[in-house]
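Thanks for making time this morning; I would like to walk you through one model, taking the two chains in turn. Please have the sequence and the structure open while I talk.

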Amino acid sequence: MRILVAMSGGVDSSVVAGLLKAEGHEVIGATLQLYDHGAATSRKGACCAGQDIHDARRVADTLDIPHYVLDRENRFRDAVVRDFADSYARGETPIPCVRCNQTVKFEDLVGLARDLGAEALATGHYARRIEGAAGAELHRAADPARDQSYFLFATTQAQLDFCRFPLGGMPDKAAVRAEAARLGLAVAEKPDSQDICFVPEGRYSEVVAKFRPDAAEEGEIVHLDGRVLGRHAGIARYTVGQGRGLGQASRDGEQPLYVAAVEPGRRRVVVGPRAALPQAEVAVAEVNWLSAPPEGPIACQVKLRAREVPQPALARWDAAAGVLRVTPDVPAIAAPGQACVLYDGERVLGGGFIRREAA
Amino acid sequence: MTLYLDANATEPLRPTARTAVLAALDAGGNPSAIHSTGRAARRRLEEAREAVAARFGARPGDVVFTAGGTEANALAVHGLGRGRRVLAGATEHPAVLAAAGTGAEVVPVLGDGRADLAALERMLAGGPPALVCLMAANNETGVIHPIAEAASLCRAYGALLHMDAVQAAGRIALPEEADSWAISGHKLGGPPGAGALLLRAGLNLPALIAGGGQERGRRGGTEPLPAIAGMAAAAAGPGEAARLAAMRDRIEAGAAGLAVIAGAGAPRLPNTSCIILPGVASETQVIALDLAGVRVSAGAACSSGKVARSPVLGAMGLGALAGCGIRVSLPWNAPEDAAERFLEAWSAMRVRLSKSAA
């Protein structure tokens, strides 16, 4: 069948294109240009593709498949980068990869794939899509170290039905690199991408400040008990649970302090001892279900951040309010803006974005 | 069978040009060398110069060979624009706009794509002597600018007029009123790698690249003789205007009522049609047609290969429609059934896309 493959220029999506081509499918490659690579690397005046787009094109040449570069700079800036800055300005810690998957990748590319008469969209994500009785189910990747199901929770059921994740069953990254080498792809040894793609030097606070200068204004660092301990250079630099970047507010005598809350209205960063941080209940909004929405409380496992294993919890879905209330068996640190994803074993049931409870 | 309808990106090589390129490659020689082989190369170079000059309305001594249209435009803008304000049409090619730089003033276009002459006159009246850059015909829409009228305004206000004739050359008779005009070999059906800047008699300009003093000191570097010979041979190629215009008209008749033709009210190149399908991104159309074997484009070809919203259509006030146009440009060797084959693929695409939108 005709399949559109989202090719980033990295080894994973390159292997996806190669595997599908080898299976005899009519593969069409598409690479998103999401930002001006010249500007991102402080080189002026380059309208043109960065190394990743170049690599994607060379892989497509090697595989002899049609390949197109799609200009999504404006869409990405509005749907992902601006949202990233807005989220920080709300005192949250955004998760731009989810927004990007939600908008630029799945919403737009599924639409393009349908327009081009393709029957599926394939990506290099590490997750398994399993055909279930009520449509496609999203499951964790075979390799727990690579599992990206957390970042895919916002994929709608219709998108999931249309999508394919051929790497979900791969035992590990080494196997993917071996496939790349076997397919003769020049990217076989290319290093994994790191951090946030549109923040090349890792100074995300500068990106935030460009869109939301208010998130870079200084303010007080306050102890949970009300004492003012110091000053900060913008709430965008802080996330709940963080211990670094607090200066003289990093300790209270012998006791190390951590960010307990970020209050955008008063531009305050609230700190407290580690033990004060975990929450008994986590409120989750913008919920997307990839299973039948539960009518009563369900026991499940939840992931509150990308790098942790799912923890047992009880989840209650308030459909009328559109809010999911999650009670981890062991109170946990939850940073507003991050995703809360519900699992039943390997399967993703649904998820949403962690919200700050009204004080 | 694929159908190549992207002549404005590059014309297919004409057989006469191919023959001339191969002959020059085989003969070799540097036109600047003193010995017999050099002289033979010089003779071929000057014959090419005479042919280009005669074809495009300049004296041979006023033809400066370059490595392409972009360089010819840059040579004119930098050379003639020295010490002058630079005014550039809103729909000029990036080759001109980039050379003109961010300090250039933009001459707006009317809704049909033609330069707004009243605005041009106001701009000319309002400042020191200028260099005005106005293309003979637009690369995306084929719209032909009122060069003669613009030139008389320029004369009245002491301005120079540079004309990017890259798309017009070989397709229509070039206006004769500009002070300089640029052409490109591969848009004529020659190989890429050669272009020329032609100058009004008596006008001179400093080199961008000095080098060994070739081209009477106006463009250093050994002339790319095979490409120049190919360009000269291609320039002599028979005009296809009437044949292509008839095909273009059949395409536009077939799309009538379903699509918007950009600049339809203005005089246009015979081979070019910018077809806007409201609500469907240019990119989707270009890809869908490519997968169906029909090669068209949207906007100027960019080295990244990405498709961006057209600034040309934007400047014409087309708003959201500016992202929904494709450029169909018929090559000199378009097959007789090109219009019908295009319409078949285009209609199939249109029906499918309107279904998936529903």
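Into which domains is chain B divided? Before I answer, a word of caution: this is a predicted model, in which local features need pLDDT of at least 70 and side-chain atom pairs count only at pLDDT 80 or more, while totals for chains, interfaces and linings use all residues. Residues are numbered from 1 along each chain as its sequence is written, and chains are lettered from A, with ligands numbered from 1, in the order in which they are written.

Chain B, then, is divided into domain 1, made of residues 3–11 + 239–357, and domain 2, residues 15–235; such bounds come from an automatic or database domain assignment. The centres of these two domains of chain B, taken over C-alpha atoms, are separated by 27 Å. Across the boundary, 25 residues of domain 1 of chain B are in contact with 26 residues of domain 2 of chain B, where contact means that the C-beta atoms of two residues, placed from the backbone, lie within 7 Å. On the domain 1 side of chain B, the elements that give two or more residues are strand E10 (272–276) and helix H10 (311–315), and E10(B) provides the largest share, 3 residues. Helices (H or I, at least four residues) and strands (E, at least two) are DSSP runs, numbered from the N terminus.

Which strands pair with E5(B)? Strand E3 (residues 85–89) of chain B pairs with E5(B) in the parallel sense over 4 bridges, and 3 bridges join E5(B) to strand E6 (residues 160–164) of chain B, also parallel; pairing here requires that DSSP finds at least two bridges between two strands. Residue by residue, Arg85(B) has Ala130(B) as its bridge partner in E5(B), while Cys133(B) has His162(B) as its partner in E6(B). Both faces of strand E5 (residues 130–133) of chain B are covered, with Ala130(B) and Val132(B) buried on one side and Leu131(B) and Cys133(B) buried on the other. By buried I mean 20 or more other C-beta atoms within 10 Å of the residue's own, against 12 or fewer for exposed and partly exposed in between, with C-beta atoms placed from the backbone.

Let me turn to chain A, which has 8 helices and 18 strands. Its radius of gyration is 21 Å, close to the 21 Å that the globule rule gives for 359 residues, so chain A is as compact as a globular protein of that length; the radius is taken over C-alpha atoms, and the rule is 2.2 Å times the number of residues to the power 0.38. Buried residues make up 47% of the 359 residues in chain A.

Chain A is divided into domain 1 (2–182), domain 2 (218–276) and domain 3 (282–355). The C-alpha centres of domain 1 and domain 2 of chain A lie 37 Å apart, and their contact takes 5 residues from domain 1 of chain A and 7 from domain 2 of chain A.

There is also an open sheet of 5 strands in chain A, with the order E9-E8-E12-E11-E10 and mixed pairing. Strand E9 (228–232) and strand E10 (251–252) of chain A stand at the edges with a single partner strand each, so one side of each is left without a neighbour in the sheet. E10(A) runs antiparallel to strand E11 (residues 255–263) of chain A, joined by 2 bridges, and Asp252(A) stands opposite Gln255(A) in E11(A).
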